[in-house]
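Subject: Structure for you to look at

Hello,

Here is the structure I promised to pass on. Please open it next to this message; my notes follow below.

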Amino acid sequence: MKVLVVGGGGREHALIRKIKESPKVTEIACCPGNGGISYDARCYPVAATDIDGVVALAKEIKADFVVVAPDDPLVAGMVDALNEAGFPTFGPSAKAAIIEGSKVFSKNLMLKYGIPTAEYKVFDDPSEAIDYIKEKNEYPAVIKADGLALGKGVIIPENFKEAQAGVKEIMEDKVFGESGNKVVVEEFLTGPEVSVLAFTDGKCVKPMVSSMDHKRALDNDKGLNTGGMGTVSPNPCYTEEIAKECMEKIFIPTINAMNAEGRTFKGCLYFGLMLTPKGPKVIEYNCRFGDPETQVVLPRLKTDIMDIFEAINNATLSEIDIEWSDEACACVIIASGGYPKAYKKGLEINGLENGQLGGVTVYHAGTAIKDGKLVTSGGRVLGVTALGKDLKSALEKSYAAVEKINFEGKHFRKDIGKRALAER
């Protein structure tokens with residue numbers, strides 16, 4: 001099989017490395033890819049959001065299967081266009097991807113079908129949103145832009161002044177563009193956070209192993225929100241008992257709700273959960289593999305991923321057993337100095353050979369090849385990932401490798417997994 005993967009970050013590199021293990025696959029193409037991905041797949045300069053361009057590329061290279069990884073093209077209908085052109089594809093249709101594409105849709109879906117989530121109200125008028133927050137007078141509050149915002153469309157104000165500024169930023173200054181035309185104002189939930197990705201063909205849902213993300217830029221969860229500075233799997237807070245409750249009250253009801261709405265979801269559905277004192281609640285849904293959760297979940301997958309993708313495409317997921325390794329996995333993100341704000345690009349990366357390092361897997365998120373050298377080209381540059389018999393040994397391997405990789409201004413958190421180790 002010749003497989004085309006759409007996207008160019010660390011998540012896509014993790015998918016490609018896993019697809020590469022399948023004996024069914026003879027060739028992998030990626031668009032647009034990145035410097036590190038180019039060691040594992042043939043990269044084509046077609047933007048991940050260029051629907052016509054991706055369909056044309058799939059035809060040109062005679063792809064047997066296409067995997068659409070990022071949110072933007074999924075929400076815009078890339079899977080629909082590829083299916084129409086006759087390509088078997090992994091990823092939800094635009095009708096189903098709205099579960100991430102609109103926070104208002106997903107919150108209303110949960111309310112309608114009794115899926116546990118935070119209390120909320122929707123506003124399209126900034127002054128009404130501000131009046132509601134003032135009247136509620138509960139902090140921290142949560143303000144979310146309705147549409148896609150690169151995983152950054154959430155503001156958590158600690159007081160009224162910050163809330164006012166947040167509403168203005170999203171709805172008036174349009175820092176997230178049209179995504180901020182509407183906002184969801186919701187109650188702040190407390191408890192451990194858990195990320196659970198799940199394979200589904202719209203009839204059957206098979207959750208993957210759990211993980212724990214670290215969103216803030218600095219140690220001890222300080223600093224700005226990022227796309228994720230590291231992850232560990234499994235998440236020790238996510239017990240078998242909680243997993244069973246989530247299956248009964250959240251995972252299956254969500255799949256059923258989407259079917260009832262005529263929006264059957266096929267692909268990877270991401271559940272961002274908060275384990276509150278009143279039980280697990282949904283913070284958010286994503287219509288695709290999470291980044292950097294994928295980087296710790298897929299290394300633990302023992303089953304051929306192409307078997308899973310084909311079963312989802314054929315709606316026969318219930319017929320296959322998905323096996324996972326008992327090992328723990330840790331991923332430490334090496335970012336550019338200044339991320340998530342301004343940072344330099346084009347800095348040479350030292351310490352890797354053909355993009356890799358012995359004993360760990362290095363997933364490339366923001367790298368490029370320039371004049372034959374591997375250089376930085378993004379905020380999150382590399383995800384240094386290791387498996388171990390337990391979390392402690394996985395983290396030790398990952399951090400030992402991080403020390404061997406260098407570029408000017410390299411930045412990483414030194415406390416990835418610390419919370420998880422304390423929970424054990």
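The accessible surface of the chain is about 17,700 Å². Carbon and sulfur atoms account for 48% of that surface. Please keep in mind that this is a predicted model.

Overall build

The chain holds 13 helices and 22 strands. Along the principal axes, the C-alpha atoms fill a box of roughly 60 × 45 × 40 Å. Of the 424 residues, 57% are buried. Take the contacts with a separation of 6 or more: 68% of them are between residues 24 or more positions apart.

A four-stranded sheet

One part to look at is an open sheet of four strands. The order is E11-E10-E16-E17, and the pairing is antiparallel. Which strands sit at the edges? They are strand E11 (205-207) and strand E17 (279-286), each of which pairs on one side only. From one strand to the next, the twist averages 35 degrees.

Within this sheet, strand E10 (residues 193-200) and strand E16 (residues 267-276) run antiparallel and are joined by eight bridges. For a landmark on that pair, find alanine 198, which stands opposite leucine 269 in E16. Helix H9 packs on the sheet and touches E10, E11, E16 and E17. The direction of H9 makes about 130 degrees with that of E16.

Salt bridges

Side chains of opposite charge can pair when their charged atoms come close. How many salt bridges does a search of the whole structure find? The count is 23.

Start with aspartate 307 and lysine 24, whose side chains meet at 2.6 Å, N to O. This pair links distant parts of the chain, 283 residues apart. Aspartate 307 belongs to helix H11 (residues 305-313). Lysine 24 lies in the loop between helix H1 (10-20) and strand E2 (27-32). Aspartate 307 has 30% relative accessibility, so it counts as partly exposed. Lysine 24 is also partly exposed, at 32%.

Next, go back to H9. There, lysine 244 and glutamate 248 form a salt bridge at 3.4 Å, N to O. Why are these two residues about one helical turn apart? Because they are four residues apart in helix H9 (residues 240-260). Lysine 244 has 55% relative accessibility and therefore counts as exposed.

Then there is the salt bridge between the side chains of lysine 373 and glutamate 348, at 3.9 Å, N to O. Here too the pair links distant parts of the chain, 25 residues apart. Lysine 373 is in strand E21 (residues 373-376). Glutamate 348 is in the loop between strand E18 (328-335) and strand E19 (361-364). Are these two residues buried or partly exposed? Lysine 373 is partly exposed, with a relative accessible area of 44%. Glutamate 348 is partly exposed as well, at 36%.

Salt bridges can also share partners, and here they join Asp221, Arg413, Asp415 and Arg419 into one network.

Best wishes

Notes:
Residues are numbered from 1 along each chain as its sequence is written. This is a predicted model: local features need pLDDT of at least 70, side-chain atom pairs count only at pLDDT 80 or more; totals for chains, interfaces and linings use all residues. Side-chain values use heavy atoms; hydrogens and water are left out. A salt bridge is a side-chain nitrogen of Lys or Arg within 4 Å of a carboxyl oxygen of Asp or Glu. Buried means under 20% relative accessible area, exposed over 50%, partly exposed in between (1.4 Å probe, protein chains only). Two strands pair if DSSP finds at least two bridges between them. Axes are lines fitted to C-alpha atoms, for helices over the stretch in contact, and angles run from 0 to 180 degrees between N-to-C directions. Contact means heavy atoms within 4.5 Å. Accessible areas come from the Shrake-Rupley method with a 1.4 Å probe; for residues, only the protein chains shown count as cover.
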